[in-house]
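Hi,

Here is the structure I promised to pass along.

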Amino acid sequence: MQAKPKRRVVAENGDGPEDLVLATTIGNGEDLGPAVRHAFEMGKPEALLQQLRHVVKKKEVEIEELCKLHYEEFILAVDELRGVLVDAEELKSELSSDNFRLQEVGSSLLLKLEELLESYSVKKNVTEAIKMSKICMQVMDLCVKSNQDISEGRFYPALKTLELIEKNYLKHIPVKTLKRVIEKRIPTIKSHIEKKVTTEFNDWLVRVRSMAREIGQTAIGQAASARQRDEELRTRQREAEEQIRSGLGDCVYSLDVEEIDEDSVLKIDLTPVYRAHHIHTCLGIQQQFRDYYYKNRLLQLSSDLQISSIQPFLESHQTFFAQIAGYFIVEDRVLRTAGGLLTTEQVETIWETAIGKMTSMLEVQFSRMDTPSHLLLIKDYVTLVGATLRRYGYQVGTLLEVLDNSRDKYHELLLEECRKQIVDVLGNDSYEQMVMKKEYEYNMHVLAFHLQTSDIMPAFPYVAPFSSTVPDTCRIVRSFIEDSVSYLSYGGRMNFYDVVKKYLDKLLIDVLNEALLKAIYSGTTGVSQAMQIAANISVLERACDLFLLQAAQHCGVPIRIAERPNASLTAKVVLKTSRDAAYHALLNLVNSKLDEFLTLTDSINWIIDEVPQNANDYINEVVIYLDTLMSTAQQILPIDALYKVGIGALEHISNSIVNAFLSENLKRFNVNAITGLDNDLKMLESFADEKFQSTGLSEVHKEGSLRDCLIEVRQLINLLLSSQPENFMNPVIRERHYNCLDYKKVATICEKYKDSPDRLFGSLSSRNPKQNARKKSMDVLKRRLRDFN
């Protein structure tokens, strides 16, 4: 009862505002750190300490009061605690006894437990050891498999095994020594594999270079076969066109297509390339192998492009180009099938390098050649190479341009060769008509060149109107056309007919025509030779159309184009001019021969005393010569040329007789001499009429005859034998009977006309009234002509 007032005193003494705040803070469990810090910062820690003491005292008073309030319960709790302590002691003794018994029982179990734990530890170690052993065994098995694959050349499976070891096993290998060994050996094995496939690839490089020539030759052979098939097809087409053109019937075209698998024909083993490229790709050094391949193939190409300095290019060109073709066929196969080992740009770069060197080399070699057949042989093979490589996608236009640029050089050589052949032909020709005794000779020399004038087979022996020059020249021209077409075909030009035509004109004009003109004007050519040359030129002129058709056929041009009116050869006109020149030369030779007979001032007695009954002796020789000339010309020359020869010879005879009257060597003549010339002239006129009829000229030249060529001398003779020559001055009579006579010539000739003998008193003994009348008329004519002049 006394404690309560005391509690109130304490509360009253220490229950200030600060103490209440501090007591509340402590009761709420709040942090006193700020208050303590504040007290120290204010420099009053004693006040805070005093307050804390008051709070402690206050709490002690509260505890005391609480204990006083519940002391009975506390005493009961203590009593119960003591009872519990007794129970605890009893429990402790029981536990002790139980523990002892448990220790006795568990000691054996503890030993078993230790043994069990040790077994578990051993088991764990054994399990780990087995697991480690399995891993090592698997790794070793993979290593053995990899070694076996390498020894058997299966590099890709070996690399895949190494990759498997690296990815799945290497990190988990428990044996560090084994792990280090494997880590060290894997790069070595990869390097070994790389060396092995590189060695195989190097062996392939050597092998493929030796095989490239065979590959190229095989591919070029295929191109040649394809060309042969195309030529056979064009030949059949030309034959069909000829049959249709000649109206022999309709033709049925059939197209045979033969498919050839080039890859199956060309045996190219690229397995080492594929393997090396794949292995390097797996090793992650793909670009390294690409560069290695590109570099080594470039070196091989540079070596292949070197031509032999020992062997002539003509003998080595096929080997050279076959090697290059085989090289690029292999590169094309690699480009298409090696999975990016080569790029299109790289192949194009290699090709541009190669074609640049080939074109420059061809230009040099072509410039050194002097035989057209050699040039043609090389050109033909180069075009085959171009056709072969074009099938593999290579651009060969530059290569073909070199061939096209050399066409002038080739044709110059070919023309020079033909010039020598034609000169030899003309030099060896006897200029006699060819005699063919057998049909095969006729076929070989006439039908082969369409030189026949009739489709009917002649009787044998057959005498041709030409000499051996014509068929020999036709063979030379045909060979020229074939060689020209062979050079120009399969090149850069598609339509080369005009080019062939131009060179054909050049052959016929610059070579053949010049050789013929030289033969004509050689100075050693006789009449028969000149006549045969003229006949040959006439045949060759007609053959120009045949030459043009042959050129069109070989060029694959429709025949209708060659048969157009304006499509003929210029050489035809030139040969026609040369033919006329040959006729002119022939006439000059004939006239020269006639002049040997027509020495009238020496062979004729111009003041003969008696009237001759027969013709003079010279005229018989002239007629015999003319008869031989006309007969030969009829067999050889065309009808127009025969006419020209006849009229030329007769005109020359007429002019020669007239010129004999005008000659200064002839001082005088009498009527008897004129009568003899009249007999000569009648004989010539009879010959002219007979030949005009017998040779068929009368059917062709109906407007004039050979006799007309003698009209001047005939009018002159008629005038001199006329009873009234003064009628010449009569315009009507002169126009009717003397229209071909010239005043001056008549005046000169009449002045020489002396119709009186040289002996003394001749006029008194021999002159009759008729002669006197003629003399008077002649004197009148002389006087009037003098006045007229």
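This is a predicted model: local features need pLDDT of at least 70, side-chain atom pairs count only at pLDDT 80 or more; totals for chains, interfaces and linings use all residues.

The mean pLDDT of the protein is 82, with 90% of its residues at 70 or more. Confidence is highest in helix H10 (residues 286–304), where it is 91, and lowest in helix H1 (residues 3–14), where the mean is 41. Over residues 1–14 pLDDT stays under 50, and the model has seven contacts beyond four places in sequence for them. Residues 758–766 also stay under 50, with 10 contacts beyond four places in sequence.

Next, helix H11. This helix covers residues 313–337, 25 residues in total, and spans 35 Å from its first C-alpha to its last, close to the 36 Å expected at 1.5 Å a residue. H11 is mostly covered, with 18 of its 25 residues buried. After the helix comes Gly-339, which has a positive phi, near 65°.

Now the rings. Searching the whole structure gives 22 aromatic pairs. Phe-328 and Trp-351 make an edge-to-face pair, because their planes stand at 85°, with the ring centres 5.0 Å apart. This pair links distant parts of the chain, since Phe-328 belongs to helix H11 and Trp-351 to helix H12 (residues 344–368), 23 residues apart. Both Phe-328 and Trp-351 are buried.

Tyr-410 and Tyr-487, on the other hand, are stacked, at 4.5 Å centre to centre and with 10° between the planes. They too connect distant parts of the chain: Tyr-410 is in helix H15 (residues 407–428) and Tyr-487 in helix H17 (residues 469–488), 77 residues apart. Tyr-410 counts as buried because its relative accessibility is 1%. Tyr-487 counts as buried as well, because its relative accessibility is 2%.

What lies over the face of Tyr-487? That is Lys-379, at 5.6 Å from the ring centre.

One more item for your list: Phe-201, Trp-204, Phe-289, Tyr-292 and Tyr-293 form one aromatic cluster.

Happy browsing, and write back with any questions!

Best wishes

Terms used: Residues are numbered from 1 along each chain as its sequence is written. Side-chain values use heavy atoms; hydrogens and water are left out. Helices (H or I, at least four residues) and strands (E, at least two) are DSSP runs, numbered from the N terminus. The expected span of a helix is 1.5 Å times one less than its number of residues. Buried means under 20% relative accessible area, exposed over 50%, partly exposed in between (1.4 Å probe, protein chains only). Rings of Phe, Tyr and Trp (its six-membered ring) pair if their centres lie within 6.5 Å; planes under 30 degrees apart count as stacked, over 60 as edge-to-face and the rest as tilted. A charge sits over a ring if NZ of Lys or CZ of Arg is within 6 Å of the ring centre and within 35 degrees of the ring normal. pLDDT is the predictor's confidence in each residue, from 0 to 100. Contact means heavy atoms within 4.5 Å.
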